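Here's a quick tour for anyone opening this one for the first time. Have a look at the sequence and the 3D view, then read on.

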Amino acid sequence: MVIAYNKSKFQKHKLAPIEDWADLWRPELAGRISMVDSPREVVGSVLKYMGASYNTKNIDLQVSGGKNAVQQNLALLRKQVRLFDSLHYLKTFSMGDAWIAVGWSSDVLPIAKRMSNVAVVVPKSGTSLWADLWAIPAATKLETNQIGGRIRGPSPLIHQWIEFCLQAARALPFKQEIIPGASPSAIDSSVIEVPKELTKGKPKLDTNLIDGVPPPEILTRCEFLEPLPEATLSDYKLLIRTMQIPDPGIIHRMQHYILSTIQIFRSKQHPKGWTEL
């Protein structure tokens, strides 16, 4: 999870830059934030703001003030956020209705690079991490009499395949920012130089990410999201309900209609090569 903000808006209104989760609660930013509507990320941002873990399993015991304090901070965040919507939060940001967007780096980075004067930051107190995974089927130990048959299970070449994919040179697309994210080699601090001709003339994104990874002092405070017990998930549902986010219903239909109308209008003006943000 990262926070992107419009530097032009911040400079115009003489606002301090975004550095951590606490900045989302600044009064001068009320109504200027768009955010994904994932309960795990919304409640998680409050927990990090309060100095707790994303993977807190017992809020009453592990968080100062318990559920009541979390509920109060969620209510304050609700007043700050203009839109909770995992589909449209970046459209609101790119159109200038929101000055800040809080979302997944794989969503935010491609949009930020196409916009001018945008900074993308990993909060200093840490953020949530996620990774693409490969699953290896378990061996069934079922033999077949067909010609060429073998005991079913993982390919004997799986280790060679993983070693091939983890070569330092294969981190180049991440270094070039062709693919948002990072190779595992970046976490291991493996160094790979990007040829200058591949980066010459390309605008450099203002971010504290280093090769797609938070800097070491922040990375130690980041967490992979772990499964939560049913009781904790019930607490999450209750906390989200208390935020009193209005039923999207007609509001979403109106937004969809307006955005669709804008897209049709723009596509008529730019019939070729037009990309809608």
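This is a predicted model: local features need pLDDT of at least 70, side-chain atom pairs count only at pLDDT 80 or more; totals for chains, interfaces and linings use all residues.

The protein has 13 helices and eight strands. Of its 277 residues, 35% are buried.

**The overall picture**

- Take the contacts between residues at least 6 apart in sequence: 69% of them join residues at least 24 apart.
- The structure also holds eight salt bridges, and a few of them come up below.

- Strand β1 covers residues 2–6, and five of its five residues are buried.
- In a regular strand, side chains alternate between the two faces of the sheet.
- β1 pairs with strand β4 (residues 100–103) in the antiparallel sense, over four bridges.
- β1 also pairs with strand β5 (residues 118–121), again antiparallel and over four bridges.

**Where helix α2 meets helix α12**

- Helix α2 runs over residues 39–49 and helix α12 over residues 230–242, and their axes come within 10 Å of each other.
- At what angle do the axes of α2 and α12 cross? The answer is roughly 85°.
- Angles from 65 to 115 degrees count as roughly perpendicular, so that is the label for α2 and α12.
- On the α2 side, the residues that meet the other helix are P39, R40, V42, V43 and L47. On the α12 side they are Y236, L239 and I240.
- By class, this contact between α2 and α12 has seven nonpolar residues, no polar ones and one charged one.

**Salt bridges**

- Side chains of opposite charge can pair when their charged atoms come close.
- K7 forms a salt bridge with D206, with the closest N and O atoms 2.9 Å apart.
- K7 lies in helix α1 and D206 in strand β7 (residues 206–207), so this pair ties together parts that are 199 residues apart in sequence.
- Buried or exposed? K7 counts as buried, at 19% relative accessibility, while D206 is partly exposed, at 36%.
- The side chains of K48 and E223 meet in another salt bridge, at 3.1 Å from N to O.
- K48 belongs to helix α2 and E223 to strand β8 (residues 223–224), so the link joins parts 175 residues apart in sequence. Both K48 and E223 are buried.
- Salt bridges that share partners also join D23, R26 and E28 into one network.
- Within that network, the side chains of R26 and E28 meet at 2.9 Å, N to O.
- R26 is buried, with a relative accessible area of 12%, whereas E28 is partly exposed, with 40%.

**Two buried loop residues**

- D20 is found in the loop between α1 (7–12) and β2 (33–35).
- Why does D20 count as buried? Buried means under 20% relative accessible area, and D20 comes in at 18%.
- Which residues does D20 touch, not counting those up to four places away in sequence? They are I3, P123, K124 and S125.
- D20 and I3 are 17 residues apart in sequence, and their C-alpha atoms are 8.6 Å apart in space.
- S38 is found in another loop, the one between β2 and α2.
- S38 is buried too, with a relative accessible area of 17%.
- Leaving aside neighbours within four places in sequence, S38 is in contact with S86 and W104.

Key: Residues are numbered from 1 along each chain as its sequence is written. Side-chain values use heavy atoms; hydrogens and water are left out. Buried means under 20% relative accessible area, exposed over 50%, partly exposed in between (1.4 Å probe, protein chains only). Contact means heavy atoms within 4.5 Å. Axes are lines fitted to C-alpha atoms, for helices over the stretch in contact, and angles run from 0 to 180 degrees between N-to-C directions. Angles under 35 degrees count as roughly parallel, over 145 as roughly antiparallel, 65 to 115 as roughly perpendicular and the rest as oblique. Ala, Val, Leu, Ile, Met, Phe, Trp, Tyr, Cys and Pro count as nonpolar, Asp, Glu, Lys and Arg as charged, and the others, Gly among them, as polar. Two strands pair if DSSP finds at least two bridges between them. A salt bridge is a side-chain nitrogen of Lys or Arg within 4 Å of a carboxyl oxygen of Asp or Glu.
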